[in-house]
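Here are my notes on this one, jotted down as numbered points. Have the model open while you read.

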Amino acid sequence: MNSIIPTNLKTEYLYNPLGIDSSHPRLSWMIETKTRGFLQSAYRILVSSDRQQLLDESGFVWDSGKVNSDQSVFVPYNGTPLLSNERYYWKVRVWDTRGNLSAWSEVSEWSMGLLSQSEWKANWIGEVFKPVEGNREVSFFRKSFTIGKPIQRATIYATAFGAIEVSLNGSRVGEDYFAPEWTDYHTRVHYRTYDVTSLLHVGSNAVGSILGEGWYSGHIAWYGKNLYGEALRFMLQLYVRYEDGTEETIVSDSSWKESKGPIAFSDFLMGESYDARLEHDGWNEAGFDDSAWRSPHVYGDFKGWINAQISPPIRVVEEKEPITEQKVVPGSLLIDIGQNMVGWVRIKVTGDRGSKVTLRYAEVLNPDGSIYTDNLRTAKQTDTYTLKGEGIEIYEPKFTFHGFRYVEITASADVKVTQITGRVIHNSMKSTGKLITSDSGVNQLFSNILWTQRANFISVPTDCPQRDERMGWTGDAQVFSRTASYNMDVAGFFAKYMTDIVDAQRKTGAFTDTAPFLKGFSDWSTFVASAGWADAGVIIPWTMYSVYEDRRIIEDNYDAMAAWLAFLVKMNPSLLRTDTQYYGDWLSLNASTPMDLFATAYFAYCAKLMAAMSEAVGKTEQAASYAALFEQIRSRFIEAFVAEDGRIAGETQTGYALALFMELLPEETRRKAAAHLVADIEQRGWHITTGIHGIKYLLPVLCEAGYEEASYRLLLQETYPSWLYSIRNGATTIWERWDGWTEEKGFQNPGMNSFNHYALGAVGEWMFRYMGGIDKSSETPGYKHIQIRPFLNDSLTLVDCQYESSYGTIRNRWSIVDGFAELQVTIPPNTKADIFIPYIDGEQVYESGEPVLYVANNRVGESIIDLGIVGPRRVFQIGSGEYRFRTRFKSNGAGK
Ligand code: RAM
């Protein structure tokens, strides 16, 4: 009977994570079975500190016993206390509602990090600090040590104020870049954990580390350097457990040695300068003569938090070969990667000792074919490599990244660049979304959204990856968060970002407009508390809870969110939000949404989400008071901005979209408001005027109000301004502004013209939820109760949409052929789905060739329930499995 098996075991947000901090990590699994209508009725989890004992079932730290529950996502560990440095193995099996028992899952594991600060025995060490003006040479650190007996297991814990790359016996440890990533270093720093058992051996060993500036002291935005401090330092602890059961810890301390090396500087915004002639061969191996190296400076303890990183680390996730190379300027080669991307290129070169290769990176080209760099502002994005002249040399930078599609390579005549490879980086989240349609423009748009997410999910969700900005703008992040969740598993990434948001929160309760929040920013007047930005502190936990059932993200951030609401109420006793400057619907075109309307809408929305989140974590009283607050703000909103005929002050697409989406209108006015909205879109020749906020809400509200044709017209619009306009003009990522480049005017506003800004890509959410029709029911968190409700429109003949939820793959592939609509649907085990099928009165709906009503009513054990007719659709509830529905389809107007 073992055709049922739990798979994809996850601990907290990761697969087989090393070094986690949580004392009650949550365990999740998916279930694989072909049985239709599979529901879990019970589970049993076993956790052991010994793999063999787990397999033999001879010793556990937790045996959950048979727990009658359908929960398979985020089940908290509840065994004996977990110990630092320990490794844990777990497996799970489940029962279905018919009493069938699954096989045991494969064994999954995690290891605990250092649960208390006092377990850090290492010292913070760095170079002996002298203040440096401008560029800063990168330090290398090393230490030799002896291992006297056979090792059972070895683990490195490393943290840094700066960015650290660790190596052991000449091999790079792990694949992370820029560890331990960006946090508010005044409050918190991450550490990372690496299993180095296979790199260590009995005898002489050496550990090395390279310490770059990273976000700690390198350039950030337009604020210059040293925003957190100047004293780069790191702390490293190598924990060894011997086969005889004894332990030893090798730590960073005054006995290490430090030296400069080949890296003259390496900075996120500026690039890197590397002189291979200055390399120290074998510097991270035992036996290297480090007598000329200096002793490091030992720093005092850090008083803030040292936490394990909960999000997947930044890695190289893909390589890209150039599509063309051409000579432009004499002595220079222009490389086109064919895709606007983030990372760098690795080159293979030969040439004379001392010759230089200069690589300049850019997103777009000038009309004369040279690289366009005006939009980088002060960011130089330039890497320089000086050859040592010893045959084939391979170079890639260490502590910098660039936003680019083009690379201009300049070198003297003796230099030959024989290979160029684009190295794509981002936090290595699992990809979860796929979308293919019958329209190549729409497919390219999906690709552009995805690539823009990849480009900007670099430790924090940044606005852009190229110019001297690259900050965690909260507004952009919240608007895009649901889209992001379709594309990748962002649960851990946003949970980490919430710590940044809360670390940045002001004493007043105000959330900030960027997180991490930078020292150069003043405390109140700028970059704090802006409507639509600061509200991210409430919207992001809500979104993550909704998608992933992550209650802990609400619990952990509840007080901070409540403080934000209290701040808003205090500052705006009239409940119309008028307290400060905002950016409003940033980058809207020829439409100006009144600021107070915009801010009050978000204020109301936050109150509403707080009510729902309070409910979700059992805070019933607070839920009631936030619900009442929402109603009061809503009344004030209606009085102040909504006319009886449904017109909304400012009469902008964004104003209508916010009011409709956030449910701020009286019932009888909704229809009229939607009609005004559509009239505005039509009057503008089916063009969008919204900025980065309205764009998230616009297409969804059109569909909900019965104007799906209008939403398809906007999607498929090819003339300016539109998504497909940018695509027709070569975009491979989402532009910051609709008018970033126009036929008429060329490049616009160089200072604010990124070609890799995801906010306007927030339409990705609509593409999955409405076009593809993969959504969750609004009543329950997560995809336990799925809703398949596609808005078919015969401007497309095929949409094949797939999403990997916490329960497994959900797929809806719809097509329109010869007047028939067909929906091929996959629903994962342990969920149910309401499926909405276009319905013409009196027409049959077939499932796998048979009339569905017959199947629903007569086939014993089938998991199809007829829920009746809702508007133009017939609704069925189905259980897990694969289905093929088919019915007659009435042409409903083309968006093209
Ligand atoms: C810009 C950023 C960002 C936006 C803010 C208001 O500088 O690029 O996208 O949120 O300003």
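1. A word on the annotations before anything else: UniProt positions are quoted in the numbering used here, feature names are shortened, and an annotation may be inferred rather than shown by experiment. Keep in mind too that this is a predicted model.

2. With that said, UniProt (unreviewed entry) lists residues 149-318 as "domain: Bacterial alpha-L-rhamnosidase N-terminal". In the model, that span is 46% strand and 2% helix.

3. How is the protein chain divided into domains? The assignment gives domain 1 (5-111), domain 2 (120-311), domain 3 (315-427), domain 4 (449-771) and domain 5 (785-888). Taken over C-alpha atoms, the centres of domain 2 and domain 4 are 40 Å from each other. Domain 2 puts 19 residues into their contact, and domain 4 puts in 23 residues.

4. Now for some helix packing. Helix α10 (residues 653-661) packs on helix α12 (residues 694-704) at about 70°, with 8 Å between the axes. Angles of 65 to 115 degrees count as roughly perpendicular, so that is the label for α10 against α12. Their crossing is left-handed.

5. Which residues of α10 and α12 meet? From α10 come Q653, T654, A657, L658, L660 and F661, and from α12 come G694, Y697, L698 and V701. Sorted by class, the contact of α10 with α12 has seven nonpolar and three polar residues, with no charged ones.

6. Helix α12 also packs with helix α15 (residues 763-771): the axes come within 7 Å and cross at roughly 30°. An angle under 35 degrees counts as roughly parallel, so α12 is roughly parallel to α15. On the α12 side the contact uses K696, L699, P700, C703 and E704, while α15 supplies V763, E765, W766 and Y770. By class, the contact of α12 with α15 has six nonpolar residues, three charged and no polar ones.

7. The contact with α10 has no charged residues, but the one with α15 has three.

Conventions
Residues are numbered from 1 along each chain as its sequence is written. This is a predicted model: local features need pLDDT of at least 70, side-chain atom pairs count only at pLDDT 80 or more; totals for chains, interfaces and linings use all residues. Side-chain values use heavy atoms; hydrogens and water are left out. Axes are lines fitted to C-alpha atoms, for helices over the stretch in contact, and angles run from 0 to 180 degrees between N-to-C directions. Helices (H or I, at least four residues) and strands (E, at least two) are DSSP runs, numbered from the N terminus. Angles under 35 degrees count as roughly parallel, over 145 as roughly antiparallel, 65 to 115 as roughly perpendicular and the rest as oblique. A crossing is left-handed if the near helix is turned anticlockwise from the far one by less than a right angle, and right-handed if clockwise. Contact means heavy atoms within 4.5 Å. Ala, Val, Leu, Ile, Met, Phe, Trp, Tyr, Cys and Pro count as nonpolar, Asp, Glu, Lys and Arg as charged, and the others, Gly among them, as polar. Domain bounds come from an automatic or database domain assignment.
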